[in-house]
Amino acid sequence: MNVAVRTHATAKQASEHFDVLIVGAGISGIGSAYHIEKQLPGTSYVILETQATFGGTWSTHRYPGIRSDSDLHTFGYSFKPWVGPPIATADEILAYMKEVIDDNDIARHIRYGHKIVSASWSSEQNLWTIEAVTTDTGEARTFTANFLWMCQGYYRHSEGYTPEWKGMDRFKGRIVHPQTWPDDIDLKDKKVVVIGSGATAATLVPNIADDCAHVTMLQRSPTYFRLGRNAIEIAEELRRLQVDEAWIHEIVRRKILFEQDAFTKLCLAKPEQVKKELIGQISAVLGPDYDVEKHFTPSYRPWRQRIAFVPDADLFKGIASGKASVVTDEIECFVENGIQLKSGSLLEADVIVTATGFNLSALGDIAFEIDGKPLAFGDTVTYRGMMFTGVPNMVWVFGYFRASWTLRVDLVADFVCRLLGHMKTKGAKKVEVKLRPEDHNMPILPWIDPENFNPGYIMRNMNLLPKRGDKPEWQHSQDYWTEKDEIPKTDLDDKAFVYG
C-alpha cells in the first residue's frame with residue numbers, strides 16, 4: 001500500500017500541486033492512471049481514494065458470492081488480457097487490478113484514506129483546489145491541479161438504498177444491505193428473505209442457499225436474466241492451441257462485442273422474440289410446472305433495465321432444488337417475525353437482506369465551486385457524458401450499462417490524453433465546453449431517456465445529473481458501438497470547446 005506524504009494541517013497549510021488529479025482508485029481510476037503513464041509520460045498526477053485500498057466496488061462490497069455481471073474479457077481493460085473465467089469474483093478482479101498497479105508503478109501515485117470535501121475552480125489561476133481530510137486522523141490536506149479527472153463512479157459507497165417500510169422497527173431479526181455486509185452475520189439454519197430482483201439478489205440467493213434453512217427472493221416485479229456457461233468456447237479452444245493470451249484477449253473481446261451489439265439491436269427490433277428466448281432458458285431449468293409467467297416475465301421490453309448474466313444457472317438450480325424460492329408480491333409492512341405482504345401472506349424471516357439498489361451520488365458528494373459560486377450539476381449540459389458546460393478542466397468517467405463499464409474507461413482516457421496534448425500544443429491553460437450558436441434552440445432533456453433505459457437508482461435522482469441535448473455530442477448515448485468510432489474522431493477545435 002502506498003504511504004501518503006505527511007503534511008501537517010495549519011491555518012495556511014501548504015498544498016501539493018499536480019498536473020492531473022484523479023478521484024478514485026477503482027476500476028476507472030486505475031485504468032485512467034495507466035493511460036496517463038503510457039500516453040502522457042512526464043505528467044505529474046495523484047489519485048485520491050477514500051478507502052484504505054484500491055478496487056472501489058470490488059473492495060467495498062463484501063456480500064457472499066460477489067461477482068461481475070459483465071464478462072471480464074470486456075470488463076477487463078483493453079491493454080491487459082483477462083485469463084480467467086468470464087464471470088469473475090471480486091477477489092479475482094482485485095488480483096487483476098493489482099497486477100495493473102504493480103506492472104505500471106501506479107501505487108506511488110495513490111493516496112489512500114483521503115476523503116475529498118470540496119473542489120474549487122479559480123479562473124484567475126486556472127487551477128482546481130481540492131480540500132480533503134485523512135480518514136484515519138482527520139487531518140486537512142490541500143491539493144491543486146490543472147485538470148480534474150472524476151473516476152469515483154456514480155453511487156454512494158458508504159450506504160446502499162433501502163426504502164422505508166412500515167414496521168421496520170418492529171422486526172426482531174436483523175436487516176442488512178449487501179453494500180454494507182456485516183462480518184459477524186451468521187445465516188446458518190436461518191430463514192432469510194432477500195428483497196430485490198437484480199444482479200445482487202441473483203448472486204446472493206444461490207450463494208447463501210446451502211447455509212440457510214431457506215432463502216426467499218421477494219420481488220415486486222420480475223427482471224430479465226441471461227443464462228449460460230461461465231466459459232467462452234473460443235477462448236478455451238485458442239488456449240488449447242497455445243495461442244498468445246494477448247491475441248486471445250483481442251479476438252474474444254471482438255467476438256463478445258459483436259454479439260452484444262447484435263443482441264442489443266435484436267432487443268429493440270424484435271423484443272418479443274428476445275423475451276421468449278430469455279424466459280425459455282429459465283423454463284428449461286425450472287420445468288413446465290413452474291409459474292415463470294408470474295415470477296420471471298417482466299412487463300417491460302428487454303434492455304430497458306440491465307440484464308444480469310447468471311453463470312451456470314446457479315440461481316435457478318437453487319430454486320429447482322427447493323433450497324430457494326421466489327415470491328412476487330408487494331410489502332404491506334414488517335412485523336416481528338417477518339414481512340406481511342399485500343396479498344395477505346406472511347413471509348417469516350430471521351434475517352432480511354435489502355438488495356434494493358444504490359444511492360446515486362453525482363460526482364462523489366463533493367461540494368463544487370466555480371469562481372466562488374456553488375455548482376449544481378443538474379443545471380449543466382453534458383458533452384458526451386464526459387464534460388459539462390461551464391465546468392473547466394474536468395472530465396467524468398460514466399460507463400456503460402448495456403456493455404461493460406470499463407469499455408468507456410478506455411475511450412474516455414484516450415480522449416482526455418488527446419485533449420491534454422492538444423491544450424499543450426495550443427498553449428492553453430483552460431478548456432470548457434459551451435453550447436454553440438446552432439445548439440441554443442435544441443431541446444434540453446434529462447440525462448437518460450426513461451423510454452430507453454430506466455433503472456430505479458437513476459430515476460429516483462435524475463435531478464442530480466446534468467442535462468442532455470438532442471444532438472449526439474450533447475448526450476451520453478449508452479451506445480458503445482457508436483461511441484467507439486465517434487469519440488476518437490472528436491474535433492478538438494470544434495466550437496463546442498472553448499480554450500483559454
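**Note on the predicted model**

1. Surface. The protein exposes about 21,900 Å² of accessible surface, and 50% of that belongs to carbon and sulfur atoms. Areas come from the Shrake-Rupley method with a 1.4 Å probe, and for residues only the protein chains shown count as cover.

2. Ground rules. This is a predicted model, in which local features need pLDDT of at least 70, side-chain atom pairs count only at pLDDT 80 or more, and totals for chains, interfaces and linings use all residues. Residues are numbered from 1 along each chain as its sequence is written, and side-chain values use heavy atoms, with hydrogens and water left out.

3. Overall build. The protein has 13 helices and 23 strands. These are DSSP runs numbered from the N terminus: helices are H or I with at least four residues, strands are E with at least two. The radius of gyration is 24 Å, close to the 23 Å that the globule rule gives for 500 residues, so the protein is as compact as a globular protein of that length. That radius is taken over C-alpha atoms, and the rule is 2.2 Å times the number of residues to the power 0.38. The C-alpha trace spans about 70 × 55 × 50 Å along its principal axes.

4. Of the 500 residues, 56% count as buried, meaning under 20% relative accessible area (1.4 Å probe, protein chains only). Among contacts (heavy atoms within 4.5 Å) between residues at least 6 apart in sequence, 71% join residues at least 24 apart.

5. Helix H5. Seven of the ten residues of H5 are buried, so the rest of the structure largely encloses this helix. Ala201, Leu204 and Ile208 are among them. Their cover includes strand E8 (191–195), strand E9 (214–219) and helix H10 (314–321).

6. The cavity. There is one cavity of 30 Å³ or more. On a 1 Å grid over the protein atoms alone, a cavity is a set of points where a 1.4 Å probe fits but cannot get out; lining residues have an atom within 4 Å of a point. The largest cavity holds about 40 Å³ of space, with volume taken as the space filled by probe spheres set on the points, which are joined across faces, edges and corners. Helix H5 (199–208) and strand E11 (308–311) each supply at least two lining residues. Arg67, Asp69, Ala202 and Phe309 are among the residues of the lining.

7. Arg384. This residue sits in the loop between strand E19 (382–383) and strand E20 (387–388). At 9% relative accessibility, Arg384 counts as buried. Leaving out residues up to four places away in sequence, Arg384 touches residues including Arg408, Trp474, Glu483 and Glu486.

Technical notes: 1 Å grid on protein atoms, 1.4 Å probe; cavity = no way out; pocket = protein on both sides within 12 Å on 5 of 7 lines; lining within 4 Å. Buried < 20%, exposed > 50% of the residue type's maximum accessible area, 1.4 Å probe, protein only.
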